Amino acid sequence: MLRRILLSLLAALALCTAAAAASSISELTADCAVSEDGTCSITTTVVLQLEESLSELSLPVAQDARDAACRGYDATVRKSDGFVWLDIPLTAPITGQQTFTITYTLDGTLAVQDDGTQLFSAELLSSQWPYPVEQFQYLLSMPKDFTETPVLLSGYYGEIAPNQVVTNQNTRSAAAVLT
């Protein structure tokens, strides 16, 4: 009986340890500069917390991205099933906290409505990340002034993101944090 209890406790401990040791994206930041023609230059900084060792790495980018690159790496751009990936060459396995800076350009991200409202639409956070995102921040710089507080319509939530906090806003840019 004692043996069964001990085995049950060890099994429960092993499950808790495995769950606690899951890799994640501790922070993902997108800095977006939109020009009047609707072209958007995006710099994304990704902080991965890897609990396992990786000997190869592919980072997802927005579906219609062009000129994608990863600073400090001679990454290869690959398209697969409509998604854009950056295959990062690793000379040795990596683990722990790793930071990657991805740059890319999206076209057609800005529409101006009849009343002059600027509507920005872009995939800032790929649905293909294999790890959960703990915190997502973005800074959006628009080509013309705006007076309303920006609203994030999320593909995940399908509505105004309930956990969005606009942290800074001036006439042409806004920053927000989602947790």
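**Reading strands and salt bridges**

Analyst: Arg78 has a relative accessible area of 31%, so this residue is partly exposed. Buried means under 20% relative accessible area, exposed means over 50%, and partly exposed lies in between (1.4 Å probe, protein chains only). This is a predicted model, in which local features need pLDDT of at least 70 and side-chain atom pairs count only at pLDDT 80 or more, while totals for chains, interfaces and linings use all residues. Residues are numbered from 1 along each chain as its sequence is written, and side-chain values use heavy atoms, with hydrogens and water left out.

User: Which side chain meets Arg78 in a salt bridge?

Analyst: Side chains of opposite charge can pair when their charged atoms come close. A salt bridge is a side-chain nitrogen of Lys or Arg within 4 Å of a carboxyl oxygen of Asp or Glu. Here the partner of Arg78 is Asp87, at 2.8 Å from N to O. Asp87 is partly exposed, with a relative accessible area of 22%.

User: How many salt bridges does a search of the whole structure find?

Analyst: The search finds three. Besides the pair of Asp87 and Arg78, Asp67 forms one with Arg66, where the closest N and O atoms are 2.9 Å apart. Arg66 also forms one with Asp107, again with the closest N and O atoms 2.9 Å apart. That pair links distant parts of the chain, 41 residues apart: Arg66 lies in strand S4, and Asp107 in the loop between S7 and strand S8 (110-112).

User: Is Asp67 buried or exposed?

Analyst: Asp67 counts as exposed because its relative accessibility is 55%. Arg66, at 35%, counts as partly exposed, and Asp107 is partly exposed too, at 47%.

User: Which strands pair with S7?

Analyst: Strands (E, at least two residues) are DSSP runs, numbered from the N terminus. Two strands pair if DSSP finds at least two bridges between them. Strand S2 (residues 40-54) pairs with S7 in the antiparallel sense over twelve bridges; in this pairing Cys40 stands opposite Leu106 in S7. Strand S4 (residues 66-70) also pairs with S7 in the antiparallel sense, over three bridges. Arg66 stands opposite Thr105 in S7.

User: Why is strand S7 largely enclosed by the rest of the structure?

Analyst: Strand S7 covers residues 94-106, and ten of its 13 residues are buried, so the rest of the structure largely encloses this strand.

Technical notes:
Helix = DSSP H or I, 4+ residues; strand = E, 2+ residues; numbered from the N terminus.
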